[in-house]
Amino acid sequence: MSMCSPNRLAYLKKRRRRTRMVRFCQFMILFLFIGLWEGLARVGVIDAFLMSQPSRVWRTVANFANNNLLNHIGVTLFETVAGFAIGVVLGILIAFILWYSNFLAKVSEPFLVVLNALPKIALGPIIIIWVGAGMQAVIVMALAISLVVTVMEMLNGFRNTDAELIKMARTFGASRLQTFIKITFPSNLHTLFNCLKINIGLTLVGVIAGEFLVSRAGLGYLIVYGGQVFQMDLVMTSVIILAVVAALLYRMVVFLEWVVMRAVKGN
Amino acid sequence: MREILRFCDVSLTYQAENGEVDALRDINFEVYEGELVSIIGPSGCGKTTLLSLIAGLEPPTNGEVIISGTPGYMLQKDNLLDWRTIRGNVLLGLEICGKKTPEGIRYVENLLKTYGLWEFRDNHPSQLSGGMRQRAALIRTLAVKPELLLLDEAFSALDYQTRLVVADDVFNILRREKKTSVIVTHDIAEGISMADRLIMLSKRPGKVQTNIPLKFEAANTTPLKRREDPAFREYFKMIWEGLDVHV
C-alpha cells in the first residue's frame, strides 16, 4: 500500500462505510420480510395454507430427496441453457446474414417488426403440435421469445459499427466477410453481452411459459402442479428457487463478460 | 522519373436520392515516384472522393485512374482497434491481405523498432498518446509496403501543437521510407509545408485549379522549418487568393 493523505483515508473510509450500510439495509429488508412472513403465519394473521410460510418452504427444500426437486431444477436449467445457447448462435447467424445482404434486410424488415410485436406465447399450441409435447416444445418456446430480440439487437449493433473502422479495413482490400470478422463483430462485443443479459431473462420467461403449457418436469411444471393440487408450499418453493436460478444465470453472463473483456482489452 | 499515378479526364457523379451530385470533373494530373503531392481545396470539393478513387474504393464515372503499384491509405482518425494490442493493430493490414508471413511480421517489427513503438507493442491503443497512435496507424499502412501513400486529413483530429509535431514526424518517416504520397488537407499551411507539389481543387464540382511545384530555399528541411521559409509566405498568399474564401 502506498502512503495516503489523511483526506484520502477519510474519503476511503466514508466510501467503505457507505457500501457496508447499503449491504446491511439489503439484508435487513430480506430478513424482515422473511421474519414477518414467518411470524404472521405462526400467530395466524395470514393463512399458511394460502400464503405458505418460510419454514414450510425450507422443509420442502430440505426434502429434496423425496420430492424430486433437484430433477425439476435440472430440467429447467437444461432447457434454459439449451434455449439460450441455440438462441444466441442462431440470432447472431441471422443478424450476420441480414447485415451481409442489405437486400434481405430490407425485405425482412416488416416481418421482423410484426414478429417482434407478436406475443410469442400465442404460438404455444402451434409449437406443441409441430414439434410435439415435451422438452423440445419448451426449448422452441424459449427460442421464439428470445430469437427476434437477438436478431434485431445484433443487427442494429452491426449496422452502427464505426464507418471509419470499416473504411480502414476496406483500404486494405478487406472482403465483407473479413470486415465482419476483424471489425464488425469484435467492435460489437458490448452489444453482444447486453443482448445476452436481456436474453437470459427472456429465455427463462419462454421456458417457464413452455412448462406451463406442456411438460412433465421443471420448475414451471411444479408451479402449475402445486397450484392445481393447492400445495402453496411447492409453488412458493419453486418461485423462490426460480428467482435464485435467474440471478445465478445472470451473474454467470456478467462473469463471462468480465472474462472476455479482460482477455480482449488487456487489463 | 517513373509515373506512379495518372488521372485521365476523370469525372465522378454521385447518384443521390434527391438528384445527381457532380463531385469531380475532368481531373488530370500525374504523380511521380518519390513525390509528395498535397491536394487542397475548399471543403466539399471532393478531396476525399479523389483519394477513394485512387484507393479503388469507388470507380470513376468517366475517365481513367491509372496507378502502378498498391496504394496505402491513412485516414483522419487513427482507427486503431482498441481490442487489439499495438502489435495486433499494425499487423491488421497484413492479416487482411493474407500476407502475415514471417518476413512480413519481421518487417513490421522492424518498423516498430525504428519508430519507437517497440516497447509499446503489447500495450493497447488507449494507453498511447495521440501522436504515437498516429504513428502506429502509419506503420499499419506501411506494413503492406504500399507504393503510393494516401493521407486523408491525417492530422486534423489532433490538437494544434501535436499536429505540427506529428506532421514533422510523418514527413520524416515518409522521406526515410522514400514513399510517394498524396496528402489531402484543408489546411493551406500544412499542404504547402509538407509537399513538393501542390494541387488546388476548385469548388464543387472539383476541377484542378492550380498544379504547381513548390520550391524552397533550403532543400532538405522539415515542414516546421519550411513554415519560416520566405517562399512559404508567397505560396500561402497565392493559394489564399486563389481559394477566394468568403464567409
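## Legends to close-up views of a two-chain predicted model

Residues are numbered from 1 along each chain as its sequence is written, chains are lettered from A and ligands numbered from 1 in the order in which they are written, and side-chain values use heavy atoms, with hydrogens and water left out.

**View 1. Chain A, with 13 helices and 0 strands.** Helices (H or I, at least four residues) and strands (E, at least two) are DSSP runs, numbered from the N terminus, and along the sequence chain A reads α-α-α-α-α-α-α-α-α-α-α-α-α. Its radius of gyration is 24 Å, whereas a compact globule of 267 residues would have one near 18 Å; the radius is taken over C-alpha atoms, and the globule rule is 2.2 Å times the number of residues to the power 0.38. Along the principal axes, the C-alpha atoms of chain A fill a box of roughly 75 × 70 × 30 Å. Of the contacts in chain A with a separation of 6 or more, 71% are accounted for by residues 24 or more positions apart, where contact means heavy atoms within 4.5 Å. Chain A carries 24 positive and 10 negative charges, whose mean positions are 13 Å apart; Lys and Arg count as positive and Asp and Glu as negative, without His and the chain ends, and each charge is placed at NZ of Lys, CZ of Arg, CG of Asp or CD of Glu.

**View 2. Chain B, with 9 helices and 9 strands.** For chain B the radius of gyration of 18 Å agrees with the globule rule, because a compact globule with 247 residues would have a value near 18 Å. The C-alpha atoms of chain B fill a box of roughly 50 × 45 × 40 Å, taken along the principal axes. Residues at least 24 apart make up 70% of the contacts in chain B between residues at least 6 apart in sequence. Chain B exposes about 11,300 Å², with 48% of it supplied by carbon and sulfur atoms, and the centres of its 31 positive and 34 negative side chains lie 5 Å apart.

**View 3. A:K182 in helix α10 (residues 176–184) of chain A.** A:K182 has a relative accessible area of 19% and so is buried, the term covering values under 20%, with exposed over 50% and partly exposed in between (1.4 Å probe, protein chains only). Apart from neighbours within four places in sequence, A:K182 is in contact with B:L81, B:W83, B:R84, B:L92, B:E95 and B:I96. A:K182 and A:L115, 67 residues apart in sequence, are 31 Å apart in space, C-alpha to C-alpha.

**View 4. A:S55 in helix α3 (residues 54–62) of chain A.** With a relative accessible area of 18%, A:S55 is buried. When neighbours within four places in sequence are left aside, A:S55 is in contact with A:E38 and A:R42. For the chain as a whole, buried residues make up 39% of the 267 residues in chain A.

View 5. B:D9 lies in strand β1 (residues 3–16) of chain B, and its phi is positive, about 45°, although B:D9 is not a glycine. B:D26 is placed in strand β2 (residues 19–32) of chain B and likewise has a positive phi of about 45° without being a glycine. Partly exposed is the class of B:D9, at a relative accessible area of 45%, and B:D26 is partly exposed with a relative accessible area of 45%.

**View 6. B:E103 in helix α4 (residues 102–114) of chain B.** B:E103 counts as exposed because its relative accessibility is 53%. Between B:E103 and B:T141 there are 38 residues of sequence separation and 16 Å in space, C-alpha to C-alpha. In chain B overall, buried residues make up 52% of the 247 residues.

**View 7. The cysteines A:C195 and B:C97.** A:C195 counts as buried at 2% relative accessibility, whereas B:C97 is partly exposed, its relative accessible area being 32%.

Conventions
Predicted model: local features only at pLDDT ≥ 70, side-chain atom pairs only at ≥ 80, totals over all residues. Areas by Shrake-Rupley, 256 points an atom, 1.4 Å probe, with all protein chains shown as cover.
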